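Open the model in your viewer and keep the selection tool at hand. The tour moves from one stop to the next along the chain.

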Amino acid sequence: MKNPIESKKHKVLIANRGEIAIRIMQACRKLGLAFVALFTEPDKDSEHCVLARKLGGDESLYRVSSYLDANEIFAVADQAGATAIHPGYGFFAEDYRFARRVAQREQKLIFIGPSWQVIRELGDKINTKRLARKLGVPTVPGSDKPVTDDLEAEHIAKSLFDFQKEQGINKPVILVKASAGGGGMGIEEVDDLDKFRSVLRRIKSYSKRQFRDEGVLIEQRIFDFNHLEVQIVSDRTGQNPVHFGTRNCSVQSLGHQKRIEVAPGFDPSSLRYAFDAKKVLEDITEYSLRMAREAGYDNVGTWEWIVSPTGQPFLMEVNTRIQVENGVSARIAAIKGKGEVDLIAEQIRVGLGAPLGYTQKDITLNGVGIEYRIIAEDPDNKFSPWVGRITSFGWPEQDWLKLHSQVPTDREYEIPTDFDPNLALAIIWGKDLAEAKARGVEFLNSLNLQGENASGEALKSNVEFLKRKTEGILAF
């Protein structure tokens, strides 16, 4: 797709690291845009630094003390002559205060993401639940306003325990969530009202520390669910959102961190479900678009859902950013018959003011995509992170495989301990689920990933875990 970004020459500051920084650089290059990248001392050997220098020269790379120092980031933006900031995911990606500062500072910049008003509205689980209920979108039973008062919180918790017992649930459980949180963080289960007070104090403290907001959401815990997502894209008008299908993110760690994502979210053509899976996918897609239109959603975002074993969908939250797993949705998509969709490039393009340029009728979805998150961790020991050095990393090239990584293939690499030990994202495509699964296992078997820690012990990774889980993906 040609780049219709208006005549002003933009330069994008990439306020992130690792594989997402690499993909933003590649998207900028595709759109004919200049960029400036950041790195901290622990990341000096990352491939995102190598690529920045290769594509933009030494002047395109700035060292900072922290990816979370907004003042330092703005100082680099001004010095480098940036006109826009792309936050990637994590860090400042869903911080409406940061996005507002980007847009309102004296030397104004463009925030590549939804407007700060949209982030503020939909980044709060409480506001999201209120909007959903107003529009007739199903949500999990529980509070629909920020709860800060301990007595009120305890009353809601007791009512949810009583409600579940009335429904015949022998062992009711509730969730206490940081209302401004996301990504599986700031959530704890409670199965006994006597334990509720201590959990509440812990989540409020975490939320205040992490998000400067101690509001919590208390809701029913639904068991044995599948975790689905709908990928939404819209331009700055906020009037014409489209979707790029659904994803299933049900293979997770013990801490509810995603490990495998599959697009589409169910496969009724090859698997049997106890409900109308096709209708569920259609419903959550329509609900997501309904909310996006009402909210004036104006960039890339993801609507996250849980689906019960009987096929009941409940909206969980909206992630107002590009997600790690955007590539698996892009892999099965084509726009006006052209594949190789790049949702990060689309995010930048519309974020800088270009019209979307296509409608839902122009988007087609074909085949099945699987994304593996390859991580240095020990799944047999509660997914504890592994600390050490990668000594060898490589894989056979395939036309059905895309791999994104900041780990070098031509030299050893010390995994920074300052961040999660994510090593790579591998995206597999197949014409159907069976082919995608077979290719996924073929890739995992052929992956060369070796390393050792300071004691000379071999690398621990989740590769075998991913192999084991591949066989059952999309089954429910």
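Contact here means heavy atoms within 4.5 Å. Keep in mind that this is a predicted model.

Start with alanine 34. This residue lies in strand 2, residues 34-39. Is alanine 34 buried, exposed or partly exposed? Alanine 34 is partly exposed, at a relative accessible area of 32%. Show its neighbours: leaving aside residues up to four places away in sequence, alanine 34 touches His10, Lys11 and Val12.

Next, select helix 9, residues 277-295. The helix has 19 residues. From first C-alpha to last, helix 9 reaches 27 Å, close to the 27 Å expected at 1.5 Å a residue. Colour its buried residues, among them Val280, Leu281, Ile284, Tyr287, Leu289 and Met291. What do the buried residues of helix 9 pack against? Their partners are helix 6 (125-134) and strands 9 (226-233), 10, 12 (300-307) and 13 (313-319). Step just past the helix to glycine 296, which takes a positive phi of about 65°.

Finish at helix 13, residues 463-470. Pick out Val463, Phe465, Leu466 and Thr470, which are buried. Why are these residues on the same side of helix 13? Because they cover an arc of only 160° around the axis. Then show what the buried residues of helix 13 pack against: strand 10 (242-252), strand 11 (258-263), strand 16 (368-375), helix 12 (433-446) and strand 23 (448-452).

Technical notes. Residues are numbered from 1 along each chain as its sequence is written. This is a predicted model: local features need pLDDT of at least 70, side-chain atom pairs count only at pLDDT 80 or more; totals for chains, interfaces and linings use all residues. Side-chain values use heavy atoms; hydrogens and water are left out. Buried means under 20% relative accessible area, exposed over 50%, partly exposed in between (1.4 Å probe, protein chains only). Helices (H or I, at least four residues) and strands (E, at least two) are DSSP runs, numbered from the N terminus. The arc is that of the directions from the helix axis to the C-beta atoms. The expected span of a helix is 1.5 Å times one less than its number of residues.
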